[in-house]
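Here is a friendly walk through a model, in questions and answers. Have the coordinates open as you read.

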Amino acid sequence: MPEPVPATPQLLRRVSAGAVLEFMRTTAAVTVTDVMAATGLTRATTIAVCEDLVRRGWILELENQREFGGYQKGRPARRFELDGRAGVVLGMDIGYSKVTVVVSDLRGMTLGRSSRPFQAGDVGSKERIAFIDGVAMAALQSAGTGPEQVLAVCAGVAAPVDRHGDVVATQKFWGLFDLGLRPALKETRGWTVLLENDANLATLGDRWQGAAAGVDDVVVILASERLGSGILEGGRLVHGSRGSAGELAYLNLVEGVGDTYGIAHLARTWAAEALATDTPTALRDLRPARVEAEQVFAAASQGDSVALGILDRLADRMARVVGTVATMLNPELVVIGGGVADSADVLLAPISERLHEFTATPARVAVSPLGDSIVTVGAVRCALDYVERNSLDLELRTP
């Protein structure tokens, strides 16, 4: 086992500052007593940390409690509040065909965003980095702020990323995301860039603002085009030795599954197969270039037999997927996430009903309310965590 890190005064100051900022991020104006109750710090430490954070520009000291709330006996309480606009963080979702960047303040409130289509296989790494930078600058412009205000960036990619933040490109497709993005944006913008697997960020995002809020043992499955998952065990992300914990390639070997295609892909494919026959279906009346998953779900809600058959096949397949995850990892909750989650709640009941057929340890199943923003929400959360942990090392710049 590695030797424990000694609790030096500098480390204690850093941990204390992070705890105070984490608490203040979720609150309005607070007193020293409020901070003490939330963090467990002593009064002397709390005052010292708050005064240090005020000097550094992270928090503001407001008028005292007597002036704010009327006459009170005794010493007036000092009141502090996080300066949410002291800086911003960026959350990026770097997919194969689209790049999305969200700008957030220090409370996690979205200030701006930009999303643009892109084909990763068409150009080299330098062109992709320039494209990502352009999307980031557009997002900052929409937020009314500039690159000098960025304190940290977190980018989610559709490839395994180890616990050190390096892409593990053991397959050709994964190599498309091994761009050298971190050193490139550090050199051109001065930004600290954190890389993480997109499903891992989806797990952080859903636990922060989604169906998994407050749950420490959860698996989030990104289920739109391809299936991938992130694992939270005891409140901590699981990466594995080479960043591949949560990869679902083993589904190729699972009876009744056989591949890693997701709900949106399968609904679209099975609808096309049905339309190639003479089977009567309301889907034929849509006459689109292709039928999307949302249209299949809508037709099923109207009682269309073909659409209902597709939903039944999807429920059986996803029950097998969730069953294998529940057997191997034994989470309290499995969340289905991604863009398809906006419509996939109709699958919850049939998946849950069939789970006992595939596992002796069925988990609760839910659908994330975050839709296709789930990765960027997690990326923002990851970047804010970094800022809170390293607040004493970061320099704030006045807009």
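Q: Does Asp316 count as buried, partly exposed or exposed, and what is its relative accessibility?
A: This is a predicted model, where local features need pLDDT of at least 70, side-chain atom pairs count only at pLDDT 80 or more, and totals for chains, interfaces and linings use all residues. Residues are numbered from 1 along each chain as its sequence is written, and side-chain values use heavy atoms, with hydrogens and water left out. Buried means under 20% relative accessible area, exposed over 50%, and partly exposed in between (1.4 Å probe, protein chains only). Asp316 therefore counts as partly exposed, at 21%.

Q: Which residue forms a salt bridge with Asp316?
A: A salt bridge here is a side-chain nitrogen of Lys or Arg within 4 Å of a carboxyl oxygen of Asp or Glu. For Asp316, the closest N and O atoms of the pair are 3.9 Å apart, and the residue that forms the salt bridge is Arg354.

Q: Is Arg354 buried or exposed?
A: The relative accessibility of Arg354 is 18%. Arg354 therefore counts as buried.

Q: How far apart are the closest N and O atoms of Arg25 and Glu388?
A: Both Arg25 and Glu388 are buried. They form a salt bridge, and the closest N and O atoms lie at a separation of 2.7 Å.

Q: What volume does the largest cavity have?
A: A cavity is a set of points on a 1 Å grid over the protein atoms alone where a 1.4 Å probe fits but cannot get out; lining residues have an atom within 4 Å of a point. Grid points are joined across faces, edges and corners, and a volume is the space filled by probe spheres set on the points. Arg25 and Glu388 are among the residues that line the largest cavity. Its volume is about 60 Å³.

Q: Which element gives the most to the lining of the largest cavity?
A: Helices (H or I, at least four residues) and strands (E, at least two) are DSSP runs, numbered from the N terminus. With three residues, the element that gives the most is α13.

Methods: 1 Å grid on protein atoms, 1.4 Å probe; cavity = no way out; pocket = protein on both sides within 12 Å on 5 of 7 lines; lining within 4 Å.
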